[in-house]
Amino acid sequence: MNWDGDTLTVSIDERSAPLPVRVRGTVRLRAERFFNWRAPLDSQGLHRWGPLAPFGRIEVDFDAPALHWRGEGYLDSNEGDEPLENRFDEWDWSRATLPDGSSAVIYDVRARDGHETLIA
């Protein structure tokens with residue numbers, strides 16, 4: 001990963017699983033604004049989530065597999081004091097651009113004890 005003050009560039013050269021297929025290329029994200037905000041995902045505060053860049057322009061250029069596109073992008077952050085799967089059965093998120101150009105971001109988790117948290 002490289003941040004040059006304007007663009008976050010992620011260079012990828014990996015093998016996928018369970019089928020060992022080569023995945024190689026570059027993802028670039030340019031965001032107008034970044035946020036330093038995060039919310040706890042559990043009552044102990046062991047897991048935190050935040051939308052770092054709810055909207056940005058993304059460029060995907062892969063040679064393996066051959067994949068190239070440009071469009072809207074999004075960057076978030078999960079951080080925790082233990083692996084996410086230790087505490088949660090399920091987690092998902094959604095991001096959409098609203099008619100006024102702003103972004104709506106939703107993060108939803110279900111803990112192993114059945115407690116659910118929805119952050120919007």
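How do the residues of the lining of the largest pocket divide into nonpolar, polar and charged? The views below take up this point for a predicted model, in which local features need pLDDT of at least 70, side-chain atom pairs count only at pLDDT 80 or more, and totals for chains, interfaces and linings use all residues. Residues are numbered from 1 along each chain as its sequence is written, and side-chain values use heavy atoms, with hydrogens and water left out.

**View 1. The largest pocket and its lining.** About 320 Å³ of space lies in this pocket, where a pocket is an open set of points on a 1 Å grid over the protein atoms alone at which a 1.4 Å probe fits, with protein on both sides within 12 Å along at least five of seven lines, and lining residues have an atom within 4 Å of a point. Of its 14 lining residues, Arg-33, Phe-35, Pro-54, Phe-55 and Ser-103 lie nearest the centre. The lining divides into nine nonpolar, three polar and two charged residues.

**View 2. Strands at the largest pocket.** Both β5 (47-64) and β8 (103-111) supply at least two residues each to the lining, strands being DSSP runs (E, at least two residues) numbered from the N terminus. The greatest contribution comes from β5, with four residues.

**View 3. The open sheet containing β8.** Three strands follow the order β7-β8-β9 with antiparallel pairing, two strands being paired if DSSP finds at least two bridges between them. The edge strands, β7 (88-97) and β9 (116-119), each pair on one side only. Nine antiparallel bridges join β7 and β8, and Phe-88 has Ala-111 in β8 as its bridge partner.

Note on methods: Points joined across faces, edges and corners; volume = space filled by probe spheres on them. Nonpolar A, V, L, I, M, F, W, Y, C, P; charged D, E, K, R; others polar.
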